[in-house]
Amino acid sequence: MSKILTPISTIFFAHKPSLFPTISPFINPKIIFKFTTKSINNHNLITRAQTQSPIVNDSPTLPDLEDVMLGYMFGKKKATQIAHSVWKCVVQKGDAVIDATCGNGYDTLAMLKMVADRSQKGRVYALDLQDVALQNTRSLLDESLDDNEKELAELFATCHSKMEEVLPRNITVRLVAFNLGYLPGGDKTMITKSETTLLGLEAAERVVAPGGLISLLVYVGHPGGREEFETVQAFASRLPVDKWSCCKLEMLNKPLAPIIVFLFKR
Ligand SMILES: C[S@@+](CC[C@H](N)C(=O)[O-])C[C@H]1O[C@@H](n2cnc3c(N)ncnc32)[C@H](O)[C@@H]1O
C-alpha cells in the first residue's frame, strides 16, 4: 500500500466492488488516490454501445494550435505545447480522459482544465507506476485547482496496460495521453517499456471513443527509447485507415528530440 496520505485524499482499493465492478480481483491496480467520494458514474461518458460524432473544434482553439505549431517549427515551442493544443481541439467540457503516465502532473492539470466546468461531469483518470509521481501530481493539483476541480481527478498507482480496470464499466474516453520515458527529476530506471506501452496502446484503442484521440510523446534519446518508438510506430501503422488517422511530428535535424504521435479515431 502506498504511504501517501493527506487529509483531503481518500484512498480506495480499486477492486472495491461497488465502485469498480469490472476490476479483476487478480490483477487489480494497487491504490486509487481519489479527491472525491462522489459517484464516478455520473459524468458525461460515452458507453461503448453508443457512437460519437467527431468533434474536432474549429474555434476558438485552432488559432492557438496554429500559433503553437508555428512556434514549434521555429524552435520556440515545446512538444508538450503541441500536444496540449491538439488535445484542446478534441476534448470538451464534461469529457472523461486518461493520462496514462501522469508523472509530475503537468499533463493531468492541463487535461483537468479542459474537462472541468460547473456540471462536475468531467473526469481525468491519471495513472503512474510510481508513488512519487502520484504524489507530485496530487501536490500540483492541490496547489493549482479549486475544490470542485480537484474532485474530477482520480489517481491510480497502476500500469497503463491496466487502464480498463480503473474505468467505470462500459465507458469510453475522449483522450488517452502517453508521455513516455522517465519521470523528470526522478529515477531514470523507472521508465516506460515497449512491451507495456504496446499493451497500453491496445487498451487505449479499445477505450477511446470515435472522435477521440490517442496522443503520445516518445523520447528517443535514452536506451530503449528508439525501440519504443518503433513499437509505437508499428502499432499505429497497423490501425485500419477507415477507422483511424495516424501521424507523427519529428524534428529532422534534432534526432534526439521527442517525437509526437497522434492517433485520431474517426
Ligand atoms: C515522462 S514522465 C510523464 C510526465 C508527465 N506526463 C508530466 O506531465 O509530468 C513518464 C512517467 O511514466 C511513468 N511510467 C513508466 N512506466 C509506466 C507504466 N507502465 N504505466 C504507467 N506509468 C508508467 C513513469 O513513472 C513516469 O512518471
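**Figure 1. How much of the protein is buried.** In this predicted model, 40% of the 266 residues of the protein count as buried. Take the contacts between residues at least 6 apart in sequence: 76% of them join residues at least 24 apart.

**Figure 2. The largest nonpolar core.** This core holds 60 residues, and the ones with the most contacts inside it are Val-97, Val-115, Val-124, Leu-175, Val-176 and Val-218. Strand E8 (residues 208–218) makes the largest contribution to this core, with 7 residues. Zoom in on Val-97 and, leaving out residues up to four places away in sequence, you'll find it touching Val-91, Met-111, Val-115, Val-124, Val-173, Arg-174 and Leu-175.

**Figure 3. Strand E4 and its partner E5.** Strand E4 (residues 96–99) is covered on both faces. Ala-96 and Ile-98 sit on one side, Val-97 and Asp-99 on the other, and all four are buried. E4 pairs with E5 in the parallel sense, over 4 bridges. Look for Val-97 here again: its bridge partner in E5 is Val-124, and both of these valines are listed among the residues with the most contacts inside the largest nonpolar core.

**Figure 4. Helix H3, mostly under cover.** Of the 10 residues of H3 (residues 106–115), 8 are buried. They are Asp-107, Thr-108, Leu-109, Ala-110, Met-111, Leu-112, Met-114 and Val-115. Two of these, Met-111 and Val-115, also turn up among the contacts of Val-97.

**Figure 5. Around the ligand.** The shell around the ligand counts 22 residues, with Thr-101, Gly-103, Asn-104, Tyr-106 and Leu-183 the closest. Sorted by class, that shell has 10 nonpolar, 10 polar and 2 charged residues. Helix H3 supplies at least two of the shell residues, and so does strand E5 (123–128).

**Figure 6. Helix H2, a quick length check.** H2 (residues 79–90) has 12 residues, so at 1.5 Å a residue it should span 16 Å. Its end C-alpha atoms are 17 Å apart, which agrees. The buried residues in H2 include Ile-82, Ala-83, His-84 and Ser-85. Further along H2, Val-86, Trp-87, Lys-88 and Val-90 are buried as well.

**Figure 7. Met-163 and its surroundings.** Met-163 belongs to helix H6 (residues 163–166). It counts as buried because it has 23 C-beta neighbours inside 10 Å, where 20 or more is the requirement. Not counting residues up to four places away in sequence, Met-163 touches Ile-98, Ala-100, Leu-127, Gly-200, Ala-203, Ala-204 and Val-207. Ala-203 is 40 residues away from Met-163 along the chain, yet their C-alpha atoms are separated by 6.9 Å.

**Figure 8. Two loop residues with positive phi.** Gln-120 is not a glycine, but its phi is positive, at about 60°. You'll find Gln-120 in the loop between H3 and E5. With 17 other C-beta atoms within 10 Å, Gln-120 is partly exposed. Asn-170 is likewise a residue other than glycine with a positive phi, near 60°. Its place is the loop between H6 and strand E7 (171–179). Asn-170 has 13 C-beta neighbours inside 10 Å, so it counts as partly exposed; a residue is exposed if that number is 12 or fewer.

Notes:
Residues are numbered from 1 along each chain as its sequence is written. This is a predicted model: local features need pLDDT of at least 70, side-chain atom pairs count only at pLDDT 80 or more; totals for chains, interfaces and linings use all residues. A nonpolar core is a set of buried Ala, Val, Leu, Ile, Met, Phe, Trp, Tyr and Cys residues joined through C-beta atoms within 7 Å. Two residues are in contact if their C-beta atoms, placed from the backbone, lie within 7 Å. A residue is near a molecule or strand if its C-beta atom, placed from the backbone, lies within 6 Å of it. Ala, Val, Leu, Ile, Met, Phe, Trp, Tyr, Cys and Pro count as nonpolar, Asp, Glu, Lys and Arg as charged, and the others, Gly among them, as polar. The expected span of a helix is 1.5 Å times one less than its number of residues. Two strands pair if DSSP finds at least two bridges between them.
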